[in-house]
Amino acid sequence: EAVNLGTEQDSKNINLGKNCTLAEKAAFMKLFREYKDIFAWTYEDLKTYDMKIIQHVIPLKENAKPFQQKLRKMHPSLEPLVKKELNKLLAAKIIFPVRHTTWVANLLLVRKKSRDIRICIDFRNLNRASLKDNYPVPAMEQILQSVSGSAMLSLLDGFSGYNQVLV
């Protein structure tokens with residue numbers, strides 16, 4: 001269920017799970033209203049970093065060879081949506097143009113419930129060539145075991161308007 005958090009000038013929409021009780025919805029609304037200034041509701045709300053100060057490097061295996069995926073064609077009707085989303089990411093300085101690169105990965109487009117698109121990248125080749133983290137993210141089975149028996153589970157994705165509480 002979509003719920004509006006703000007005034008007309010400062011509108012913030014979230015989606016709460018259908019199974020939330022009225023008391024739970026009220027508690028979430030209170031929480032989001034009280035702390036709405038700390039959530040990033042749009043790309044522009046994200047704090048960007050200056051590449052002159054910090055730059056992330058992905059450690060690669062010693063004999064890793066750069067990989068360039070073959071171009072996958074996209075349906076022409078999706079091109080304006082992709083361009084719009086890429087322009088938003090560029091304006092927010094989340095992505096930036098690179099003239100020459102040795103690694104090339106395709107865009108993967110995923111439709112949201114709102115019919116907008118989410119842009120993902122196919123990093124399978126890069127993942128195979130990168131060194132593994134000493135502290136990896138826990139396996140899904142481990143995560144599910146740790147939350148089993150919980151009264152509530154919250155999934156938050158503010159940029160696509162997906163804030164769901166499972167009861």
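Tutor: Gladly! Let's begin with a rule: a disulfide is a pair of cysteine sulfur atoms within 2.5 Å. By that rule, the count in this predicted model comes to 0 disulfides.

Student: What makes Cys 20 count as buried?

Tutor: Its relative accessibility is 8%, and buried means under 20%, so Cys 20 counts as buried.

Student: And why is Cys 120 called partly exposed?

Tutor: Cys 120 has a relative accessible area of 27%.

Student: Let's turn to a helix. How do you know that the reach of α1 is close to the expected one?

Tutor: Helix α1 covers residues 22–34, which is 13 residues. From first C-alpha to last it reaches 18 Å, close to the 18 Å expected at 1.5 Å a residue.

Student: Which residues of α1 are buried, and why do they line one face?

Tutor: They are Glu 24, Lys 25, Phe 28, Met 29 and Phe 32. Seen down the axis of α1, these buried residues fall within an arc of 135 degrees, so they line one face of the helix. In general, an α-helix has 3.6 residues a turn, so residues three or four places apart point the same way.

Student: Which exposed residues sit on the face of α1 turned away from the buried side?

Tutor: That face carries Leu 22, Ala 23 and Lys 30.

Student: What makes β3 and β4 a pair?

Tutor: Pairing needs at least two bridges, and 5 bridges join β3 (residues 107–111) to β4 (residues 117–121). The two strands run antiparallel.

Student: Asp 122 lies in the loop between β4 and α3. Is Asp 122 buried or exposed?

Tutor: Buried: its relative accessibility is 5%, and the label needs under 20%.

Student: What makes the pairing of Asp 122 with Arg 124 a polar contact?

Tutor: The side chains of Asp 122 and Arg 124 come to 2.8 Å, and the cut-off for such N or O pairs is 3.5 Å. Beyond four places in sequence, Asp 122 also touches Gln 69, Arg 72, Ala 105, Asn 106 and Leu 108.

Student: How many helices and strands does the chain have?

Tutor: The chain comes to 4 helices and 6 strands, running β-β-α-α-β-β-α-α-β-β from the N terminus on.

Note on methods
Residues numbered from 1 in each chain as written. Predicted model: local features only at pLDDT ≥ 70, side-chain atom pairs only at ≥ 80, totals over all residues. Heavy atoms only, no water. Expected span 1.5 Å × (residues − 1). Buried < 20%, exposed > 50% of the residue type's maximum accessible area, 1.4 Å probe, protein only. Arc of directions from axis to C-beta. Polar contact = N/O pair within 3.5 Å; in protein donor to acceptor, adjacent residues only side chain to side chain. Contact = heavy atoms within 4.5 Å.
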